[in-house]
Amino acid sequence: MNENSKIGIIGGGSWGTAIVKMLGENVDALNWWMRNEDAIKHIQKFGHNPNYISDAELKKNKLNISSDINEIVENSDYLVLAVPSAFLKSTLESLKIPIKDKIIIRSEEHTSELQSQAYLVCRLLLEKKNTK
C-alpha cells in the first residue's frame, strides 16, 4: 500500500462508522458508501453519524460520502466491506464496475477482527509515510 492509495468503506452502520473513525485519524482521505441519504447529509453538516456511534466525531473534511456504490468503488484501491453478511450480496449486486483489481478487506461481525483489519490498514499507511 502506498500513501496515495485510496480507501473505500462500504457500509454506514456501526462497523463502517467505527472503521471510518479509526482510519480518519490516520489518512488524508476516505471514500465511504452508505445507502441513507439523510445520514450522509447529517454527517457532512455535523461530522457524526446520527444513527450509529453518534458521539464519534468524524473528520468530515476527509470524507467523500456517497450513496452511489459505483462511485466509491471506482475511486478506491482498497475496499473495506463493513456490511453484515446477510446484506452483502444485495449490496454488491448494484455494482456495475469490475472490482477484480481492488484489494478487498472483509470486516466480520467480530470486534477483534474489525480492529485487527483497521489496525493493519493504518499500520501499512503509517509505515509508508515514515519511510520518507
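How many helices and how many strands are there in the protein? Five helices and five strands, and before we walk through them, a word on what we are looking at. This is a predicted model, so to speak of local features we need pLDDT of at least 70, side-chain atom pairs count only at pLDDT 80 or more, and totals for chains, interfaces and linings use all residues. Residues are numbered from 1 along each chain as its sequence is written, and side-chain values use heavy atoms, with hydrogens and water left out.

From the N terminus on, the order of elements is β-α-β-α-β-α-β-α-β-α. Helices here are DSSP runs of H or I with at least four residues, strands are runs of E with at least two, and both are numbered from the N terminus.

Let's take the overall numbers. Of the 132 residues, 42% count as buried; buried means under 20% relative accessible area, exposed means over 50%, and partly exposed is in between, with a 1.4 Å probe and protein chains only. The accessible surface comes to about 7500 Å², and 49% of that belongs to carbon and sulfur atoms. Those areas come from the Shrake-Rupley method with a 1.4 Å probe, and for residues only the protein chains shown count as cover. Among contacts (heavy atoms within 4.5 Å) with a separation of 6 or more, 65% join residues 24 or more positions apart.

Now to the inside. The largest nonpolar core has 19 residues, and Ile7, Ile9, Trp32 and Leu63 are those with the most contacts inside it. The elements giving two or more residues to this core are β1 (7-10), α1 (14-24), β2, α2, β3 and β4 (78-81). Apart from it lies another core, of 10 residues, including Ile10, Trp33, Val73 and Val83. By nonpolar core I mean a set of buried Ala, Val, Leu, Ile, Met, Phe, Trp, Tyr and Cys residues joined through side-chain atoms within 4.5 Å.

Please turn to β2. Leu30 and Trp32 point one way from this strand, Asn31 and Trp33 point the other way, and all are buried. As a reminder, side chains in a regular strand alternate between the two faces of the sheet. β2 pairs with β1 in the parallel sense over three bridges, where pairing asks for at least two DSSP bridges between the strands. Within that pairing, Trp32 of β2 is the bridge partner of Ile9.

Which residues of helix α2 are buried? In α2, residues 37-46, they are Ala39, Ile40 and Ile43. They sit on the same side of α2, because they cover an arc of only 105 degrees around the axis, taken from the directions from the helix axis to the C-beta atoms. What they pack against is β2 (30-33) and β3 (63-66). The face turned away from the buried side carries the exposed residues Asp38, Lys41 and Lys45. At the N-terminal end, Asn36 caps α2, with a side-chain oxygen 2.9 Å from the backbone nitrogen of Asp38. After α2 comes Gly47, with a positive phi near 80 degrees.

The loop between α2 and β3 has a residue I rather like, Asn49. Asn49 counts as buried because its relative accessible area is 1%. Its side chain joins that of Thr17 in a polar contact of 2.9 Å; the term covers N or O pairs within 3.5 Å and, within protein, one atom must be able to donate a hydrogen and the other to accept it, while residues adjacent in sequence count only if both atoms are side-chain atoms. The Asn49 side chain also reaches the backbone nitrogen of Asn51 at 3.0 Å. Ile53 is partly exposed, at 36% relative accessible area.

Last stop, helix α3, residues 69-74, where we find Asn70. Asn70 counts as buried, at 14% relative accessibility, and touches Ser94, Leu95, Lys96 and Ile97, not counting residues up to four places away in sequence. Glu71, also in α3, is partly exposed at 29%. The side chain of Glu71 makes a polar contact of 3.0 Å with the side chain of Ser66. Glu71 and Asn31 are 40 residues apart in sequence, with 9.0 Å between their C-alpha atoms.
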